[in-house]
Amino acid sequence: MSATIAQAPARKWRFSLSQEWLLLIGIATLFIVVGLINPRFVASRNLQSILLANAYVAVAAIGMSVVIVSGNIDISVGSLIGVLASISGALAVAGVPVFFAWAIPVVISILVMMLQGALVAYLRIPSIVVTLGMLSILKGGLISVTNGVWISGMPDSFHLAQWHLLDLFIAAEPGKQAAVPESLSALKPMFDLLTMPVLFMLFLTLGAAWWMRNTAKGRSVYAVGGNAEAARLCGIPRERTLMMVFAVHGLFTGLAAVLFATQPSVIQSTVPPNLELTIITASVVGGVSILGGTGTVIGSTLAAILIAAIGSALIFVNISPYWLRAAQGILILVTVLADIYRRRQRGLAR
Amino acid sequence: MSATEARAPKRLPLAPHEIVLVVILAIALAVLATLSDRFFTLDNLLNQGRLMTEVGLIAMPMTFVIVTGGIDLSVGSTMGLCAILLGYSWKNFGFPLELAIVFALLVGTVAGFINGWFITRLKVPPLIMTISTLALYRGLAEGISQAHSVRGYPEGFYLLGQGEVWGVPTQLWLLVVAIVIFAVILARTTFGRSLYAIGYNETGARFSGLPVDRIKLAIYTASGLMAGLAAWIFVSRVSTTRSDMGTGIELDVIAAVVLGGTSIFGGVGTIAGTVLGLLLIQLLKDGLALTGVKGDATIVVIGAVLILSILITNFAQRRREQGR
Amino acid sequence: MQSNSKPPVLALDGITKSFPGVRALKGVSFDVAPGEVHALLGENGAGKSTLIKIMSGVHTADTGTIKLDGREIAMTGPHEARRAGIATIYQELLLFPELTVAENVFMGHAPRTKWGALDWPAMRAKAQVLLDSLDIHDLDVAQVVGTLSVGNRQRVEILRALSQDARILIMDEPTAALTEHDVQRLFAIVRRLRERGVSIVYISHRLEEIFILADRVTVLRDGEHVATKAVKDTDNADLVQMMVGRRIESLFPKIDVPIGAPVLEVRDLVRMPQTRGMSLTVRAGEIVGLAGLVGSGRSELAQTIFGVTPAQSGEILIGGQKVSVRSVADARRLGIAYVPEDRGIQGLVRPMTVRENASLAVLSDVSRHGFIQRETEEKLANAAVRQFGIRTAGIEQIVNKLSGGNQQKIVLGKWLATKPKVLILDEPTRGIDVGAKAEIHRMMGELAGQGLAILMISSELPEVLGMSDRVLTVREGRIVAEFSRAEATQERVAEAMMGGTSHESSAA
């Protein structure tokens, strides 16, 4: 009863300091401070490259967030993205229609993740063990299939980043510079920023956030992650919910892989080292509790942007990029400590 | 009521999971030995022992950590940091090599202590704490070294990593000693018993007067120290120091420990199991490579074996429970 | 009761259920009339939980019929039970700590907009209507459940049952973890539901609650139906006899023993926020009862004396010597033992064996240079099994498989192995059956007889009054009253616990 009375102010406080707002403030502060030191940092070209190069991380972090909210984790995602990107590139080079070069990896991703989901849901093997095993299988598989050879020579239309929103309106042919009408030229910088991968990131984030917040299926993820037994008694079966979670995760991982594959002109046989770590970091810094049951995908996307921006900022303030990973580590630590502090304030012991 | 109390489970000399492992190991050895005549030779086996020492040393405290229900993902990065500081302090600070080694071991210990301190004092979940230091320690290694490697150590330095004592790779002696010590601690001592109690029920352990926080601090610190030791051996074995050393080794270590039957939920696990897991992984890797499977493809098999062995144990346990 | 004449809403007939090795129910019949509170009684293992799990669709009966409104139904899962309007409130509250009250209430059946999305405003409004209908005004539908008190969490569960239009509400020991005040509010809610025509199946170990609330009572023993009686046709002794199958002379066999010198003295002990300056003395051979509402600071005081949450100021004296207790290890060395409230979490490591649990608090005594001496350990465990009459297949039995009473005896044995001077018992008989309860009470008497100083915390006033030489009452972190055995009556102690404000009388 005393808890009830003490609760009223705490709620207001929580609203004012939600993780999403904190991250927005963090991003804004970073851009202002670094922008003052070096104005080129906030030039639209740099913003574009930050967003473009990291949209796939944010998209993968959406799926990861769903998985972590459900009380699980996936450390295989980095290797899977590598495998799928290679498949996508190989298909494109082999002359498969571009649409299928995009769609087939997504389908494979969903199937692989559902297989992992089945092991977690029905055979009750902890997700960290299942995905650790899958990590080995995929990593070894990737290297032995590609033989470490880089894939190049994909058709131009394969590269999503070349597709601009403006092109869709003005010219049917992608990649070609069309004459921009007067009326739209003022908006050109904005359209430059909103390349196809970035649009994907925005729509997928908003769509996933809406789904997590406003649908029964989305809420069931929170229910299973918060208390699987209670969820079962509410008519929400753990097994089927986890299958759905991993299928959704597979969808976003597949899309992320396509975004990753279609951005450079060469697909390397290795993904950035510790990619899964960066993705998990984005989720955790975005406010998803590793214990499950809470967090949003808007937070994880903002966190992915923040992490990418920090990496870029280091260059602009003349700090060696070799310090980037250390900065990431400190960022997670600070987030987690802040979260622990807030939970104590709210009396949420967990 | 009385019916459920009536039967005490019979204790087998080995846990069911360990039996599964021994069987898999025996089959694998038999098959690999027939496929390649170079596999089952003393030289080859000793060399494999040399190659698995670093993973093995780190797997010892990792077994303890996982038995308590924790995890340490930062060991690979700690190893990288220690390796860098060993080379860096020798080359750039002008430390005598002996001091540089002590310094590296000390850094490993401190790195582990920091993990333990945050986990016990601030109650940061181990997974998160060590994910952040996985990034942080690797970041420090990269930042300090600026991607420069250190080479040209004096000849005597390589004894540990490349030399032999009484015909056996030097570091293998260290591994054997470590296995014996850790096995005895876990199976026979009050410290070992406390680890199991913490893994099953930390609150219950606390209310029984066990020094839970001190024990956890100790095992994470030990984990850092062993990562430092592994770094020293690694540098000595490959003759050079680079900041990416030990990348991903945490997964090899955890795979070996989990394959060895230690439950990721805590409370269950033995050093014998971990050693079996280590042997199985190393010998499979080697055997497959010798029979012509390309190097990296062998890790596919390891992933599959990891999942399979846990599936088999799961089914075996379920059958037994239904049988009661 | 007029309800007896109405046809039952739910009727179970000839229910049999076997698990491998156990016949849990042997032809049990049970029914509930509309607007009736029907109490279900029985010792642990009598089959109560199996019966309610069959009613709520968690288990399926091997044989027998279940009729709803006179029509036979097939109960194949929790889903069917919910559709039939049967809701269950389990002992361990099953909620989502990170989510709001409104969402907890409507999880799985939330109102939707016409587009199929969740309708949050409607959800909150409906939750508010339910709150108002039960006269609950200190609960906000937008609050996160993890921050609520146990009483409020239970109300959320009740709301959830009502939101599904439950006609039959099964409550499994709903008062086990509640404060006295919350118990009274729960009773008020139960009465209100009964007036609305909701039928309630009420399970409790506290017999007095059955006389306050229930219309009829059914007693199970060893999986068999013993009797179903109107509450007004039975009494305490009758119920106990039906449950245990024999007469128990006295539930509270406190024997008078000579009381010696002070063993434990506590002066102005402070540990914010729950312990705000408490003083007390316990003498050798004395049992001091500590009464108070849950949340009043009783368990917190015990845990401060025991070193789990070390004191911030104040003094603790053992045998007249000032001591410093900074950890559980300190307390143990000084001869303080604590049998905690939550047996499963705090008292035992349940997946471990009897032997391992018995030695856990005295590992240093069964080891040499840090090495555990297996024989010494086995001797210790065997001695405990014999001394406390623990019913187990052997010391290698996993504790989890034992009944609550036997588990509690292991906790007791584990701490008595430390040879304590002071024994603090926190809810020593919560959730254990009548027979085991009597055994524990008998042991307490014997231990006091051997000169142990015992501090007993209990939410059951009859237990406090029956067992204690002196009774202290705690309120808001302070000791507010002291009664000798002769002075202590139910009314006076309860009044001191509540702080003198009059609440609705607990006597029906």
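Predicted model: local features only at pLDDT ≥ 70, side-chain atom pairs only at ≥ 80, totals over all residues.

Analyst: Residues are numbered from 1 along each chain as its sequence is written, and chains are lettered from A and ligands numbered from 1 in the order in which they are written.

Chain C is assigned domain 1, covering 2–244, and domain 2, made of 262–335 + 420–498; such bounds come from an automatic or database domain assignment. Taken over C-alpha atoms, the centres of domain 1 of chain C and domain 2 of chain C are 34 Å apart. Where these domains touch, 13 residues of domain 1 of chain C and twelve residues of domain 2 of chain C take part, a contact being two residues whose C-beta atoms, placed from the backbone, lie within 7 Å. On the domain 1 side of chain C, helix 6 (180–195) and helix 8 (236–244) each contribute at least two residues, where helices are DSSP runs of H or I with at least four residues, numbered from the N terminus. Helix 8 of chain C gives the most to that side, with three residues. Sorted by class, the side of domain 1 of chain C that touches domain 2 of chain C holds five nonpolar, four polar and four charged residues; here Ala, Val, Leu, Ile, Met, Phe, Trp, Tyr, Cys and Pro count as nonpolar, Asp, Glu, Lys and Arg as charged, and the others, Gly among them, as polar.

Chain B and chain A meet through 40 residues from chain B and 40 residues from chain A. On the side of chain B that touches chain A, helix 6 (126–145), helix 12 (249–259) and helix 14 (298–323) of chain B each supply at least two residues, and helix 6 of chain B has the largest share, 13 residues. That side of chain B divides into 26 nonpolar, nine polar and five charged residues.

Helix 12 of chain B also meets helix 3 of chain B, with B:Ile58 and B:Met62 among the residues of helix 3 and B:Val253 and B:Val257 among those of helix 12. The residues of this helix contact comprise ten nonpolar, one polar and two charged.
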